[in-house]
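Biologist: Could you walk me through this structure? I'd like to learn how to read it.

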Amino acid sequence: MRQVVDLHHASRLVNHGPTVLVTTAHGGRRNVMAAAWSMPVEFTPPRIAVVVDKKTFTRELLAASGGFALCLPVPAQADLTFRVGSESGRELDKFARHAIAAAPGPVLGLPWIDGCCAWLELRHLPERHVEDAYDTVYGEVVAAAADARIFAHGRWSFRDDNAALHTLHHLGGGAFAVPSRVVQGRL
Ligand SMILES: Cc1cc2nc3c(=O)[nH]c(=O)nc-3n(C[C@H](O)[C@H](O)[C@H](O)COP(=O)(O)O)c2cc1C
């Protein structure tokens, strides 16, 4: 059910603060980590900031390859999200260890993890000053897709009948909230 998302709607995929799986690949190595802290910072072109600790292996691969991908995990992937966020890929291949299936993203060929509900590929925008001072990295979205059962026509639709595809929102210590109810504001 993966469907292309127009780039002008890409920022909506992370607008509500979902936990993301950051994937990277370079020189025959690949990796994945969890990140609770990401946010859109620009509509056009769509740009997203993600906090990726300088000490992570992800940060190393990201800088070397010039790109990264974000995959939005669903409730059945809560254990996986906690695990890949609690170990480093520097000494092990987390994809092999956790039997993570993935397909190459359409533009950069970075891993898009099967079973997630949305996916983005981003070209790294190196910001030397910011990256030296903080752990934040910036990327420009070059491809986006979502499971059409939960995100279509530029909108999320969180319902009881698609609860298995809801996004995860980290509360700390491996506990996650899911969006169980939507309140529509009216003009
Ligand atoms: C749910 C969850 C959310 C996390 N969010 C972030 C985050 O926003 N930024 C960050 O730098 N690390 C975050 N972490 C920690 C990294 O995922 C962790 O340091 C990981 O082991 C790095 O892996 P790597 O060295 O293979 O890149 C989070 C961990 C978990 C479990």
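Biologist: Which backbone oxygen lies 3.1 Å from a polar atom of the side chain of Gln77?

Modeller: A polar contact is a pair of N or O atoms within 3.5 Å; within protein, one must be able to donate a hydrogen and the other to accept it, and residues adjacent in sequence count only if both atoms are side-chain atoms. Here the oxygen belongs to Asp114. Keep in mind that this is a predicted model, where local features need pLDDT of at least 70, side-chain atom pairs count only at pLDDT 80 or more, and totals for chains, interfaces and linings use all residues. Residues are numbered from 1 along each chain as its sequence is written, and side-chain values use heavy atoms, with hydrogens and water left out.

Biologist: Is Gln77 buried or exposed?

Modeller: Buried means under 20% relative accessible area, exposed over 50%, partly exposed in between (1.4 Å probe, protein chains only). Gln77 has 9% relative accessibility, so it counts as buried. Contact means heavy atoms within 4.5 Å; leaving out residues up to four places away in sequence, Gln77 touches Ile113, Asp114, Gly115, Cys116 and Leu168.

Biologist: And how many aromatic pairs are there in the whole structure?

Modeller: Rings of Phe, Tyr and Trp (its six-membered ring) pair if their centres lie within 6.5 Å; planes under 30 degrees apart count as stacked, over 60 as edge-to-face and the rest as tilted. The search finds 3. The ring centres of Trp112 and Trp119 are 6.3 Å apart with planes at 25 degrees, so that pair is stacked. Trp112 and Trp119 are both buried.
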